[in-house]
Amino acid sequence: MAHRVVHIPATPSAFALEKAHAALLIIDMQRDFLEPGGFGEALGNDVSHLRRAIAPNLALLTAWRAAGMTVIHTREGHRTDLADLPPAKHRRGNAALRIGDHGPMGRILVRGEAGHDIIPELYPLPGEPVIDKPGKGAFFATDLEAILRHCRINQLVVTGVTTEVCVHTTIREANDRGYECLAVSDCCASYFPEFHDMALRMIAAQGGIFGWVGDSSAVIDAISRGD
Ligand code: TIU
């Protein structure tokens, strides 16, 4: 049963999901991006734009877990000594609070701090890998590719924030490494709704130049069919 292929309505064409070889990859659904007082707000953003993606992610995550399929979470953040923080990234922007500074949820985007952790609504279960990444892409300087290889995963259903930054970078990295990626439109979000829309269009344009785009109800329907 786990080897079953299910077809998910998507753009630019149906996505043939191999249930045994697909992972749900949830990008950076962290308090620092989604809650007031974190990195996202420090950069001048309105976090309410991102919070719309929480409920669809929870529905998809619940269905994915019920189907017994692989779930992987990521978190963007840095070592407590900031030795993995490029000075160029540290300097970037005109934020009042920078990475490593003390904010209301602990040090901004630093591993082990409350703000760096995943929001309670989507908290990982024991056994679900959590990838700590210093960059925007989930492959750069992480063990994600090794984990995918050991789990025999070659398809990624990708959700999270933000659509045009960490989700896009990860899908581009994955595409170049040979993975087939489906971005789940209502489970991704951006501080800039127009960037969200364009980022999704870029993925599926030109016959699916980086991947496919579908919505959570289409994925949930397909994986819950009982086959
Ligand atoms: N600022 C912004 O849009 N995104 C990030 O800094 N990181 C992620 O997208 N996770």
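1. The ligand sits in the largest pocket. Sitting there means that more than half of its atoms lie within 2 Å of the pocket's grid points. A pocket is found on a 1 Å grid over the protein atoms alone, as an open set with protein on both sides within 12 Å along at least five of seven lines; a cavity is a set of points where a 1.4 Å probe fits but cannot get out; and lining residues have an atom within 4 Å of a point.

2. This is a predicted model, in which local features need pLDDT of at least 70 and side-chain atom pairs count only at pLDDT 80 or more, while totals for chains, interfaces and linings use all residues. Residues are numbered from 1 along each chain as its sequence is written, and side-chain values use heavy atoms, with hydrogens and water left out.

3. The space in the largest pocket is about 380 Å³, where a volume is the space filled by probe spheres set on grid points joined across faces, edges and corners. Its lining has 20 residues, with Phe39, Leu43, Glu76, Lys136 and Val165 nearest the centre. By class the lining divides into 10 nonpolar, 4 polar and 6 charged residues. Here Ala, Val, Leu, Ile, Met, Phe, Trp, Tyr, Cys and Pro count as nonpolar, Asp, Glu, Lys and Arg as charged, and the others, Gly among them, as polar. Helix H7 (residues 163-176) gives the most to this lining, with 3 residues; helices (H or I, at least four residues) and strands (E, at least two) are DSSP runs numbered from the N terminus.

4. Around the ligand are Asp28, Phe33, Phe39, Leu43, Glu76, Lys136, Val161, Thr162, Val165, Cys166 and Tyr191, each with a heavy atom within 4 Å of it. This shell holds 7 nonpolar, 1 polar and 3 charged residues.

5. A polar side-chain atom of Glu76 is 2.9 Å from a ligand nitrogen atom. A polar side-chain atom of Lys136 is 2.9 Å from a ligand oxygen atom. A polar backbone atom of Thr162 also lies 2.9 Å from an oxygen atom of the ligand. The protein buries 92% of the 280 Å² that the ligand exposes when taken alone, with areas from the Shrake-Rupley method and a 1.4 Å probe.

6. Thr162 deserves a look at its backbone as well. A cis peptide bond joins Val161 and Thr162, with omega about -15°, and Thr162 is placed in the loop between strand E8 (155-161) and H7. Another cis bond joins Thr11 and Pro12, with omega about 5°; Pro12 is in the loop between strand E1 (5-8) and strand E2 (15-18).

7. Two residues other than glycine have positive phi: Leu82, at about 60°, and Arg152, near 55°. Leu82 lies in the loop between strand E4 (70-76) and helix H5 (87-91), and Arg152 in the loop between helix H6 (144-150) and E8.

8. There is 1 cavity of 30 Å³ or more. The largest cavity contains about 50 Å³ of space and is lined by Phe39, Leu43, Lys89, His90, Arg92, Ala95, Leu97, Arg98 and Ile99. That lining has 5 nonpolar, 1 polar and 3 charged residues.

Notes
Polar contact = N/O pair within 3.5 Å; in protein donor to acceptor, adjacent residues only side chain to side chain.
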